[in-house]
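Here is a short report for a reader who is new to this structure. Take a look at the model, then read on.

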Amino acid sequence: MVQTAAFLRSLERRDSLSDDEIRIISELPGRPAVFAAGEEFVIEGSRPRESCLVTAGFAARSQSLRSGERQITAVHVPGDFVDLHSMMLKVMDHSVIALGACKVAFVPHEKIKEVTETNPHLARMFWLSTTIDGAIQRTWITCLGRRSAEQHLAHLICELYVRLEVAGVASDNGFEFPVTQAQLGDVLGLSVVHVNRKLQELRAAGLVEWRDGKVKIRDFERLAELSEFDPTYLSLTRESR
């Protein structure tokens with residue numbers, strides 16, 4: 001059985017599920033695995049026959065250049081299917097790596113296909129998860145292209161807190177995010193020196209404390225105002241889908 005608590009929380013934050021639908025999700029078969037920081041568990045160019053659900057820790061999509069430079073294009077939290085879209089794409093155009101220790105479950109495509117073909121509402125909910133994924137990507141592009149480095153970092157912190165709160169692993173404006181400043185630089189498109197400077201600026205402004213992989217937001221409203229964070233793109237309203 002797959003550890004589906006975070007995934008169910010994510011779905012139920014956005015729509016109501018029947019007891020039968022909860023049972024179907026809870027009984028999804030999955031191959032559990034644990035990965036250490038930096039390990040790839042979905043490989044660019046591969047043809048997966050399973051989709052990977054994060055059950056604990058963090059994962060990231062990444063693309064690398066010939067120079068060795070890397071861009072992290074998404075961060076995934078517990079309850080996220082990192083490659084649900086692989087059912088349709090067939091060949092992966094990016095890798096997925098563990099950010100710190102990460103627990104996942106690989107769910108066969110055939111089982112997902114069976115669930116979506118026999119349960120129209122759950123099919124829409126799986127589809128919703130991929131459309132939210134796309135909305136996050138659009139917002140990240142805007143952050144990379146139009147927000148200042150300080151705003152981008154502030155926006156990322158706001159987003160991660162909200163997503164982790166939905167997953168049930170963040171509260172009281174605090175969460176764990178055990179990444180290095182180099183990894184954070186790969187998210188933001190910044191050097192380690194620049195990342196460190198922006199963290200110091202947010203700390204000096206009394207907005208954020210980030211120490212030993214633990215993030216504490218001192219003033220969420222001011223941080224959201226600085227970054228122009230609007231959670232609409234995360235589709236957090238509970239309504240019929």
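What covers the buried residues of α1? The cover includes α2 (19-26), β3 (50-64), α5 (120-146) and α6 (149-167). Helix α1 itself spans residues 5-12, and its buried residues are A6, F7, L8, S10 and L11. Buried means under 20% relative accessible area, exposed means over 50%, and partly exposed lies in between (1.4 Å probe, protein chains only). Helices (H or I, at least four residues) and strands (E, at least two) are DSSP runs, numbered from the N terminus.

This is a predicted model: local features need pLDDT of at least 70, side-chain atom pairs count only at pLDDT 80 or more, and totals for chains, interfaces and linings use all residues. Residues are numbered from 1 along each chain as its sequence is written, and side-chain values use heavy atoms, with hydrogens and water left out.

**The whole chain**

The secondary structure of the protein chain comes to nine helices and eight strands. Its radius of gyration, taken over C-alpha atoms, is 18 Å, close to the 18 Å that the globule rule gives for 241 residues, so the chain is as compact as a globular protein of that length. The globule rule is 2.2 Å times the number of residues to the power 0.38. Along the principal axes, the C-alpha trace spans about 55 × 40 × 30 Å.

Buried residues make up 49% of the 241 residues. Contact means heavy atoms within 4.5 Å. Of the contacts with a separation of 6 or more, 74% join residues 24 or more positions apart. The accessible surface comes to about 11900 Å² (Shrake-Rupley method, 1.4 Å probe; for residues, only the protein chains shown count as cover). Carbon and sulfur atoms account for 50% of that surface.

The chain has 29 positive and 33 negative side chains. Lys and Arg count as positive and Asp and Glu as negative, while His and the chain ends are not counted. The centres of the two sets lie 2 Å apart, with each charge placed at NZ of Lys, CZ of Arg, CG of Asp or CD of Glu.

**Salt bridges**

Side chains of opposite charge can pair when their charged atoms come close. How many salt bridges does a search of the whole structure find? The search finds 12. A salt bridge is a side-chain nitrogen of Lys or Arg within 4 Å of a carboxyl oxygen of Asp or Glu. The table lists three of them.

| Pair | N to O distance |
|---|---|
| R13 and E165 | 3.1 Å |
| R23 and D20 | 2.5 Å |
| K111 and E114 | 3.1 Å |

R13 and E165 meet in a salt bridge. This pair links distant parts of the chain: R13 sits in the loop between α1 and α2, E165 sits in helix α6, and the two are 152 residues apart. R13 is partly exposed, with a relative accessible area of 32%. E165 is also partly exposed, at 27%.

R23 and D20 are three residues apart in helix α2, so about one helical turn separates them. R23 counts as partly exposed at 40% relative accessibility, and D20 is partly exposed at 38%. D20, R23 and E27 are linked in a network of salt bridges.

K111 and E114 are three residues apart in helix α4 (residues 109-118), so about one helical turn separates them. K111 counts as partly exposed at 25%. E114 counts as partly exposed at 43%. An α-helix has 3.6 residues a turn, so residues three or four places apart point the same way.

The contacts below leave aside neighbours up to four places away in sequence.

Start with D80. Is D80 buried or exposed? At 17% relative accessibility, D80 counts as buried. D80 lies in the loop between β4 (70-76) and α3 (86-89). D80 touches C52, L53, V54, V75 and R163.

Next comes T73, found in strand β4. T73 touches R61, S62, Q63, Q137 and W140. T73 and W140 are 67 residues apart in sequence and 8.0 Å apart in space, C-alpha to C-alpha.

L128 counts as buried at 12% relative accessibility. L128 is in contact with R14 and R241. L128 and R241 are 113 residues apart along the chain, and 8.3 Å separates their C-alpha atoms.
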